[in-house]
Amino acid sequence: MALLEVNDLSHYFGDKLLYKNSSFEIYKGEHVGIVGKNGSGKTTLLNTLIGEVIPDSGNIKWQKNINIGYLDQYVNINNNLKIFEYLKTSFENLFKLEQELNEIYNSMSENFNDEIFEKANKIQAELEENNFYELESTIAKVASGLGITAFGLDKKIGELSGGQKAKVILAKLLLQKPDVLLLDEPTNFLDKEHVDWLSEYLKKFKKTFLVISHDFDFLDKITNTIIDIEFNTIKKYTGNFSKFLNTKNVQRESYIREFKAQQKEIKKHEDFIARNRVRASTAKQAQSRIKILNKMDKIEPPESEPKPKFILKSLLVNFQKALIIKNLEVGYTHKLLPKFNLEVLPTQKIVITGFNGIGKSTLLKTLMEEIEPISGGFHFSENTKIAYFEQELKWDEPELSPYEIVSSKFPKFSQSEIRKFLAQCGLKSKHVMRPVNTLSGGEQAKVKICILMLTESNFLILDEPTNHLDSDAKEVLQEQLENWQGAMILVSHESSFYKKWCDKIININK
């Protein structure tokens, strides 16, 4: 029996069709990766499965009494709770049982009978079966695996960065061990060693999960099933991500061969009809060919989306040192990092890595003068022109469209030029005039890259630019950064993205 049945699912997002009459089933123990191009509807599908989005048509049926755990990075949490206290709430039912057991023991001196004794034994057995007396050790293992112990289990939730908070929410979800886990880009806020830990955890997970991720190495390790969203259909494949790619390529090549063969046959019939339909002697044969064409089940032409074309051009570099940082301490109310020193040369490409939440984004925001330094200082060369990619998908006016946002920043360009630039970055014409906050994470990232592309600069400051990009967009951005002729500071957790072309790696954990 299926844990989940999805039948004839159809849904539009605005005027964009995401899926049409799509059906699939999920079974116990399946480890499912959800893949598809930016904007194909992956997150919308998860939100539909938990009832946050109502589809235009179709049925979604979960098996009764199924416990579903959804990774919601924006859930409201009591900011005064300490991390350990919050993680303990994963076992709230067990602590209630313990309280009930203690109350029974306290009452036994006055009210002891076989029924009470049996009830106490039953509760004790349930606590032991659920490893209640090892909970602190269990919490510590998960907290360590996700890097939470690095910033302290005694820290209050309100003192955490966005990435740290996301880790804590994920930890609680894993500790709860629901029947079905739904995770949307869980590796975006994890460092490599913590991604590795999560990979091992999910590989051994005996229950079911559905994961959206652009980290294909991660998907390859954890999945035994793939759900692919493409061309308004949802299709399920058995096997991990590599097997899915091989199967899909074979299917696509077969489809293209069938399409070409049919087109050849159609052209042969059309040529015969054109030559013979006006001749009396062959008119009947021509009419017969017309009937054949009318009855033919036409194969749709194979669709393909062009790769985006990011073009990053550096202004002339005419300085000896692009940036000098001396004894810089960064943070909000308290310092996050030891004193930081760095010199960046004119064409040097520097990558900064380190645990999520340790202060990498705070360092970049300090360099962009969005945050005041706690102490120390920095100096950019007088001729430095900076282009900045901020990690968070936030906008000053989220109701504006990509066209309006780019137009306001670059008024010298005409409407047709701005549309061309956005199209070049992979934005379809129907997305260009929508409110930017209604676009997918990948589409919003492409708007940011379009702004980056149009900004005259010789120094790039990039904070996790690949988080929401699909493989095609990531590949193009990688190529452009490799060929970049100016200075660069990149914060990234994807070593495969930068290791071939960066000049220096700074790990600020050390």
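A: The bridge partner of L183 in strand 7 is V211, and strand 6 and strand 7 pair in the parallel sense over 5 bridges, where pairing requires that DSSP finds at least two bridges between two strands. From strand 6 the chain passes through helix 7 (residues 192-204) to strand 7 in a right-handed β-α-β crossover, meaning that, with the strands pointing away from the viewer, the path from the first strand over the helix to the second runs clockwise. Helices (H or I, at least four residues) and strands (E, at least two) are DSSP runs, numbered from the N terminus. This is a predicted model, in which local features need pLDDT of at least 70 and side-chain atom pairs count only at pLDDT 80 or more, whereas totals for chains, interfaces and linings use all residues. Residues are numbered from 1 along each chain as its sequence is written, and side-chain values use heavy atoms, with hydrogens and water left out.

Strand 7 also pairs with strand 3 (residues 31-36) in the parallel sense, over 4 bridges, and there V32 stands opposite L210. Because 5 of the 5 residues of strand 7 (residues 208-212) are buried, strand 7 is largely enclosed by the rest of the structure; buried means under 20% relative accessible area with a 1.4 Å probe, protein chains only. T208, L210 and I212 lie on one side and F209 and V211 on the other.

The open sheet of 6 strands has the order 5-6-7-3-8-9, with mixed pairing. Strand 5 (68-70) and strand 9 (233-238) stand at its edges, each with a single partner strand, so one side of each has no neighbour in the sheet.

Methods: Buried < 20%, exposed > 50% of the residue type's maximum accessible area, 1.4 Å probe, protein only.
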